[in-house]
Amino acid sequence: MKASKIAYKPVGLLMGAVTGAVAGALFKQAWKLIAHEDDAPDSTDADRHWKEVLVAAALQGAIYAAVKAAVDRSGATAVHRLTGTWPG
């Protein structure tokens with residue numbers, strides 16, 4: 001296994017934890033702006049409509065994917081700067 005991949009492993013694990021926290025906070029703020037509510041609907045909320053639940057889920061997924069890509073790219077760039085080799 002290449003040294004850059006080994007160096008990236010702990011960075012990747014740490015970044016995974018950061019991804020979830022950042023994406024969750026961004027989604028919560030986005031939902032407040034869009035729906036003017038503090039809490040997004042869960043898929044099992046009986047008093048919420050399908051459209052509302054699916055829009056919330058799609059928004060949450062899009063935010064998570066964007067944050068994950070940004071965090072992964074940042075981690076790979078940091079490893080590249082430290083080792084001189086891209087970790088992919």
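## Salt bridges

The protein contains three salt bridges, a salt bridge being a side-chain nitrogen of Lys or Arg within 4 Å of a carboxyl oxygen of Asp or Glu. One of them joins the side chains of Glu37 and Arg48, with an N to O distance of 3.0 Å. Glu37 and Arg48 both lie in the loop between H1 and H2, so this pair ties together parts that are eleven residues apart in sequence. Arg48 also forms a salt bridge with Glu52, where the closest N and O atoms are 2.6 Å apart. Another salt bridge links the side chains of Asp72 and Lys68, at 2.7 Å from N to O. Asp72 and Lys68 are both in helix H2, four residues apart, about one turn of the helix. Through shared partners, salt bridges join Glu37, Arg48 and Glu52 into one network.

Several of these residues are partly exposed, a class that lies between buried (under 20% relative accessible area) and exposed (over 50%), as found with a 1.4 Å probe and protein chains only. Glu37 is partly exposed at 28% relative accessible area, and Glu52 is partly exposed at 21%. In helix H2, Asp72 has a relative accessible area of 28% and is partly exposed, while Lys68, at 34%, is partly exposed as well.

## Basis of the model

The model is predicted: local features need pLDDT of at least 70 and side-chain atom pairs count only at pLDDT 80 or more, whereas totals for chains, interfaces and linings use all residues. Residues are numbered from 1 along each chain as its sequence is written, and side-chain values use heavy atoms, with hydrogens and water left out.

## Overall fold

The protein has two helices and zero strands; these elements are DSSP runs numbered from the N terminus, with helices (H or I) of at least four residues and strands (E) of at least two. Its radius of gyration is 17 Å, well over the 12 Å that the globule rule gives for 88 residues, so the protein is more spread out than a compact globule. This radius is taken over C-alpha atoms, and the globule rule is 2.2 Å times the number of residues to the power 0.38. Along the principal axes, the C-alpha atoms fill a box of roughly 55 × 20 × 15 Å.

Of the 88 residues, 19% are buried. Among contacts (heavy atoms within 4.5 Å) with a separation of 6 or more, 62% are between residues 24 or more positions apart. The protein exposes about 6,200 Å², and carbon and sulfur atoms supply 64% of this area, which was computed by the Shrake-Rupley method with a 1.4 Å probe.

## The nonpolar core

A nonpolar core is a set of buried Ala, Val, Leu, Ile, Met, Phe, Trp, Tyr and Cys residues joined through side-chain atoms within 4.5 Å. The largest one has eight residues: Ala23, Phe27, Ala30, Trp31, Ala56, Ile63, Val67 and Val71. H1 and helix H2 (50-83) are the elements that give two or more residues to this core.

The protein has one aromatic pair. Rings of Phe, Tyr and Trp (its six-membered ring) pair if their centres lie within 6.5 Å, and their planes count as stacked under 30 degrees apart, edge-to-face over 60 and tilted otherwise. The rings of Phe27 and Trp31 have centres 6.2 Å apart and planes at 35 degrees, so the pair is tilted. Both residues lie in helix H1, four residues apart. Phe27 is buried at 8% relative accessibility, and Trp31 is buried at 4%.

Thr19 belongs to helix H1 (residues 3-35) and is buried, with a relative accessible area of 2%. Beyond its neighbours within four places in sequence, Thr19 contacts Tyr64, Val67, Lys68 and Val71.

Leaving aside neighbours within four places in sequence, Val11 contacts Gly75 and Val79. The C-alpha atoms of Val11 and Gly75 are separated by 6.4 Å, although the two residues are 64 residues apart along the chain.

## A loop residue

His36 is found in the loop between H1 and H2. Its phi is near 55 degrees, a positive value in a residue other than glycine. His36 counts as exposed, at 70% relative accessibility.
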